Amino acid sequence: MDQPFVHQLMLKILEGPFLYTAIVIIGVGYFRNELKNIIKHRGITLTWGNKQFHIAELPERLNENFATVTDDIEELKTKVEQLEKQLAESNIPHQQPEEKLGIPEEDDAVRQRMLSALQDGQYTWRSIDRLASIGGVAPDKAQDLLLPMKNIVFGTAGKSGRMIARINTK
């Protein structure tokens, strides 16, 4: 056979319609058992571990499985409401940590806890919110206690824009 003729024949065979038809025939041959099962069972059967179910059953199965989660959430809501009610009924005065501060010794203790957290070495920068939590004060109070210190550098955290602080290493 002539070489250009064979080349032209191969190009025609690899053109779209013939190639698509060949792919479909090969695909049907390869997946024939699966296609028979789909036609025979009128749907697709999913197998997960030792469980099997039809795709048509999926919404029903999901509702069954999530019903327990919904019940747990409702139970948690009820318990939180009960705790809030008990807290509101109790006559124990609630004192915020910053209300008792203002005494220099207590401010020094809070400042020392925050400095220890900054010197920990695990993190270079710490958020003011986290330092306030460590110190047991409100974030505004924590910032007020750290601002006068010359060895503390302040900045803002990337996208969140939160105030952060670190110890100046210079």
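I take buried to mean under 20% relative accessible area, exposed over 50%, and partly exposed in between, with a 1.4 Å probe and protein chains only.

**Basis of the notes**

The model is predicted, and local features need pLDDT of at least 70, side-chain atom pairs count only at pLDDT 80 or more, while totals for chains, interfaces and linings use all residues. Residues are numbered from 1 along each chain as its sequence is written, and side-chain values use heavy atoms, with hydrogens and water left out.

**Entry on the aromatic pair**

I searched the whole structure for aromatic pairs and found one. I counted rings of Phe, Tyr and Trp (its six-membered ring) as paired if their centres lie within 6.5 Å; planes under 30 degrees apart are stacked, over 60 edge-to-face, and the rest tilted. The pair is Tyr30 with Phe31, edge-to-face, at 4.8 Å centre to centre and 90 degrees between the planes. Tyr30 is exposed, its relative accessible area being 64%.

**Entry on the surface patch**

I next looked up the nonpolar patch on the surface, which includes Val28, Tyr30, Phe31, Leu35 and Ile55 among its residues. Together the residues of the patch have about 930 Å² of accessible area, by the Shrake-Rupley method with a 1.4 Å probe, where for residues only the protein chains shown count as cover. Patches are made of residues with over 30% relative accessible area and no salt bridge; like charges are joined within 9 Å, and nonpolar side chains (Val, Leu, Ile, Met, Phe, Trp, Tyr) within 5 Å. Val28 lies in helix H2 and is partly exposed because its relative accessibility is 43%.

I use helix for a DSSP run of H or I with at least four residues and strand for an E run of at least two, numbered from the N terminus.

**Entry on the hairpin**

Which strands are joined by four bridges? I found that strand E1 (residues 45-48) and strand E2 (residues 51-54) are, and that they run antiparallel; two strands pair if DSSP finds at least two bridges between them. Thr47 stands opposite Gln52 of E2. Two residues separate E1 and E2 in this hairpin, and Gly49 in the turn has a positive phi of about 65 degrees.

**Entry on the core**

The largest nonpolar core has 15 residues, and Met114, Ile128, Leu131, Ala142, Leu146 and Ile152 have the most contacts inside it. Helices H6 (104-119), H7 (128-135) and H8 (139-146) are the elements that give it two or more residues, and H6 provides the largest share, five residues. I define such a core as buried Ala, Val, Leu, Ile, Met, Phe, Trp, Tyr and Cys residues joined through side-chain atoms within 4.5 Å.

**Entry on the salt bridges**

How many salt bridges does the structure hold? I noted four, each a side-chain nitrogen of Lys or Arg within 4 Å of a carboxyl oxygen of Asp or Glu.

One of them joins Lys141 to Asp107, with the closest N and O atoms 3.7 Å apart. This pair links distant parts of the chain, Lys141 in helix H8 and Asp107 in helix H6, 34 residues apart. Asp107 is buried because its relative accessibility is 13%, whereas Lys141, at 22%, is partly exposed.

Asp108 and Arg111 also meet, at 2.9 Å, N to O; both lie in helix H6, three residues apart, about one turn of the helix.
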